[in-house]
Amino acid sequence: MIVDDARKEFIAELLNIGVGRAGSVVSELVGARVVLEVPDIEICRSQDVLPTLTALRGDDIIAVSQGFTGVLGGDAALVINGFSGNLIVHRLLQQIGDDGDPATMRDEAITEIGNIVVNSLVGAWSKVFCDPFDFGLPVFRRGTLEDCLAPFLGTGGDQGRKTYAVSGSAHFSVNDFFIMGTLIVFFDEKSIETLMGAAAEQR
Amino acid sequence: MAKVLVIDDSGFQRRWITRTLTALGHETIEAVNGLEGLRVAGAERPDCITVDLNMPEMDGIAFLGNLKSGETPIPVIVITANIQDDTRKLCTELGAAAFLNKPFKPTELEQALSACLPAEDGGKP
């Protein structure tokens, strides 16, 4: 399937909507203005996505993914490195006046943040496509990037079903700290065709 | 002040909501999904319930449907990450008293509670 520039632009805009909302959500959560840089959008086959995520290296990567069904179907994931995760949770606990230990609450807190961000991303599309989406439960994974994204790369018996990955890496800065997060959506074949059709109608 | 049942599968979110409610002077009890929420609601008779939508075992939509068919109505505030208008409409049709999106502001929860509680429990006189 050829993803020409015009179609790529349409798909990128869909992800941009989500990245913008994600920035807004993070801003509300941490109680500080978030400066959001223009995200880098990549569209590729799922099995080719890892080399494009150059900023997510090391063995402390966190991903929260959530399946969705509707006019489009697939899995959307928020992926961040452990440092960014710790920073967000620390600020979040400060914001809500919780004196608990960030380390013990980190996984649950990040799962909830991922849930909110993915719902913001896909929920915004329901307005674009005038069709509601249903969501699965959020799934937390931690390890290397390969560990975190393994279920979506077409190597675990799913080959051929989830074929395309659309990713947007965004750099947030909160006060003096830089946080790097990536939103990735793995679309099944039918959904990517629907997206291409919608993109063609936009031209 | 009121007794509020907080239903959410996320421990972090329950902690967040209960801290907010406690700061407002309310008593809280918790459940981790809709099924447990129905049991706790029946046993404890809370004055108000907050419920998440996307949960295992029984989700918030099924919870609202089951609670609606019960004997005594208890006001329910939906607190969810789901931002879709259709979802909000469905919850309203199922009898939800208020619908808040995560992340919620403490003042939003306070206003929602105030609107659905009697004056002696902290609601609007």
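Helix axes are taken here as lines fitted to C-alpha atoms over the stretch in contact, and angles between them run from 0 to 180 degrees between N-to-C directions. In general, two packed helices are described by the angle between their axes and the distance between the axes. The structure examined in these terms is a predicted model, with an ipTM of 0.82 and a pTM of 0.87. For chain B the mean pLDDT is 92, and 96% of the residues reach at least 70.

Chain A contains five helices and eight strands. Read from the N terminus, its elements follow the order α-β-β-β-β-α-α-β-β-α-β-β-α. The chain has 203 residues, of which 44% count as buried. When contacts in chain A between residues at least 6 apart in sequence are considered, 73% of them link residues at least 24 apart.

One helix pair of chain A was examined in detail. Helix α1(A), residues 5-30, and helix α2(A), residues 82-95, have axes that come within 7 Å and cross at roughly 50°. On the α1(A) side, the contact is formed by Val26(A), Leu29(A) and Val30(A). The α2(A) side supplies Ile88(A), Arg91(A), Leu92(A) and Gln95(A). Sorted by class, the residues in this contact are five nonpolar, one polar and one charged.

In chain B, five strands form an open sheet in the order β2-β1-β3-β4-β5, and the pairing is parallel. Strands β2(B), residues 27-31, and β5(B) lie at the edges of the sheet; each has a single partner strand, so one side of each is left without a neighbour in the sheet. From one strand to the next, the twist averages 20°. Helix α5(B), residues 106-116, packs on this sheet and touches β3(B), β4(B) and β5(B). The direction of α5(B) makes about 175° with that of β5(B).

Strand β4(B), residues 76-80, is mostly covered, with five of its five residues buried. The burial extends to both faces of the strand. Val76(B), Val78(B) and Thr80(B) are buried on one side, and Ile77(B) and Ile79(B) are buried on the other. Strand β4(B) runs parallel to strand β3(B), residues 48-51, and three bridges join the two. Within this pairing, Ile77(B) of β4(B) is the bridge partner of Thr50(B). Strand β4(B) also pairs in the parallel sense with strand β5(B), residues 98-101, over four bridges. Here Ile79(B) stands opposite Leu100(B) of β5(B).

The two chains meet through 17 residues of chain B, which are in contact with 21 residues of chain A. On the chain B side, the elements that give two or more residues are α1(B), residues 11-23, and α4(B), residues 85-93. Helix α1(B) provides the largest share of that side, six residues. The residues of chain B that touch chain A comprise six nonpolar, seven polar and four charged.

Methods: Residues numbered from 1 in each chain as written. Chains lettered and ligands numbered in written order. Predicted model: local features only at pLDDT ≥ 70, side-chain atom pairs only at ≥ 80, totals over all residues. Contact = placed C-beta atoms within 7 Å. Nonpolar A, V, L, I, M, F, W, Y, C, P; charged D, E, K, R; others polar. pLDDT = per-residue confidence, 0-100. Buried ≥ 20, exposed ≤ 12 C-beta atoms within 10 Å, placed from the backbone. Pairing = 2+ DSSP bridges.
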